[in-house]
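Trainee: Please show me how to read a few features of a protein model. I would like the general idea before each case.

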Amino acid sequence: MLLTPRSLQTLALFAMWLLPAWLLLPTNAHAQTPRLQGQSAAAAAMGNAFVAQADDPSALHYNPAGMTQLRGFQTLFGTSLIGGVTQFTGPTGTQVTGDRNGSLAWPPPGHVYLTANLKDLGLSALGDFTAGIGFNNPFGSLTRYPLDGPFRSALTFTTLPLLDIKPTLAYKLNDQLSFGLGADIYTFSGLFGEGHLEQKSVWSGGLGIASGSLVEINGSDTTAGFNVSLLYTPFRNSDGKPLVNIGLVYRSQATFHLTGTLLANGALVANTAATFVLPQVFSGGMAVWPVRTADREWKLEFDVDYVGWKSNRTLDIHLSNGALLPFAQNWQSGYTAMVGTEYRWLHVPAIPDWDVALRAGYMNQQTQIPDRTFNPGVPSANSHIPSVGIGLACHANGSFLGLIRCGELGIGPLKPKLFAIDLAYQAAIYEVRTVSGNQNPSVDGRYDTLIHAGSLSLRFNY
């Protein structure tokens, strides 16, 4: 095994990127449903139909086997700005509005991915491997309602700031088949915010706590799961680029044993313990390029996710004083269908050394929470999510804003061969949800929800 000077430079650059990426990544994940689909702006613009394409560093999340398509050392990092409201109307006409703890959830969910093709780095003796590490917020919630709202005894505030650390390895068996294997290390990081699952409500009485007290229940833990993936390419064009890709991904279940506290008006009442289960996820997709030439590319993709939310049966809180606060969940497993397209112009004459991509997509997501255990903090409903976006990629000799060559935008000894900016917008349009027969009758009523998300990702290829 031979480490060339370029290999050493690239490995050093990898380390240089890793520390600031870890320090800058926000860990408070915020969205209307527990699972955050958009984990890069390019994929989000295509309705997250990216399992089969998986050809930028966000493959580390969408389909790690796709990392074998990436050359050299590549980085991608970005964030999403999420806002929107849930309007509740009770049976008597009482109304209240919930938001994301403000006009926009803050800090916003983020994503960072770093990949290195080991063969390109001079480590060919190891085989055709690509290594990577990612940081993102795959699950999360942040919802706030007024303290004097009609269901204040059920919820006034909830947050789930969850970080996923993803060390991953992919192997290319041949030109048709690649495999990926990675870990998902889930943690509630205290580097940002309070770093724990948290729910607040106005106490209705009992356990020696005065009625009307502001009660907070919280908890945190670190756990791990794994993911395995496959990418199959049955057809390529004369330049060796895929014309058809098929991707499959399995993400395992992971279980938190949460420990925390029960507080009333800020004072400790008891320590708490609970079990919280993240679901297993099966993803599959097919991408087809009807056009793939030296000048233009057009991709169509259809993906399906199956999320095993039925594993989330209960979130009962055991108190150190021997009492039990029951929180039945009994969520339902469901499917998400995603379709996306991308049309890319390569070598645009009007802007030399730039590529331009237009993207669009649509997601249809099923509700996972039954009326009986519905929680206003996660006002789940069947949803329709259209999306659009644009990607601008500048090669090394291109000019960025007419001021500097894109090849000079690097950090450290290596300069990028390509710099890309991806932008996306998604509108989550939730079907009207009318809840009845809830275990807390104050929750019964109509929920109207609309969420907006704008995403930005920056990519550097070395």
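Mentor: We will go through the sheet, a surface patch and the salt bridges. This is a predicted model, in which local features need pLDDT of at least 70, side-chain atom pairs count only at pLDDT 80 or more, and totals for chains, interfaces and linings use all residues. Residues are numbered from 1 along each chain as its sequence is written, and side-chain values use heavy atoms, with hydrogens and water left out.

Trainee: In what order do the eight strands form the open sheet?

Mentor: Strands are DSSP runs of E with at least two residues, numbered from the N terminus. Two of them pair if DSSP finds at least two bridges between them. Here the order is 5-6-9-10-13-14-17-18, with antiparallel pairing. Strand 5 (142-144) and strand 18 (324-325) are the edges, each pairing on one side only. Inside that order, strand 10 (residues 214-219) and strand 13 (residues 254-264) share three bridges in the antiparallel sense. I217 stands opposite L262 of strand 13.

Trainee: Which residues make the nonpolar surface patch?

Mentor: A patch takes residues with over 30% relative accessible area and no salt bridge; nonpolar side chains (Val, Leu, Ile, Met, Phe, Trp, Tyr) are joined within 5 Å, like charges within 9 Å. Areas come from the Shrake-Rupley method with a 1.4 Å probe, and for residues only the protein chains shown count as cover. F302, V304, Y335, V339 and Y362 make this one, of about 440 Å². Strand 16 (296-307) and strand 19 (334-345) each give two or more residues to the patch.

Trainee: How many salt bridges does the structure hold?

Mentor: Side chains of opposite charge can pair when their charged atoms come close. The cut-off is a side-chain nitrogen of Lys or Arg within 4 Å of a carboxyl oxygen of Asp or Glu. The structure holds 15. Among them is R433 with D371, whose closest N and O atoms are 2.8 Å apart. R433 lies in strand 25 (residues 433-435) and D371 in the loop between strand 20 (354-365) and strand 21 (383-395), so the pair ties together parts 62 residues apart in sequence.

Trainee: Is K299, which meets E301 in a salt bridge, buried or exposed?

Mentor: Buried means under 20% relative accessible area, exposed over 50%, and partly exposed in between (1.4 Å probe, protein chains only). K299 is buried at 0%, and E301 is buried at 3%. Their side chains meet at 2.9 Å, N to O. By contrast, R405 is partly exposed at 39%, and E408, its salt-bridge partner, is partly exposed at 38%.

Terms used:
Helices (H or I, at least four residues) and strands (E, at least two) are DSSP runs, numbered from the N terminus.
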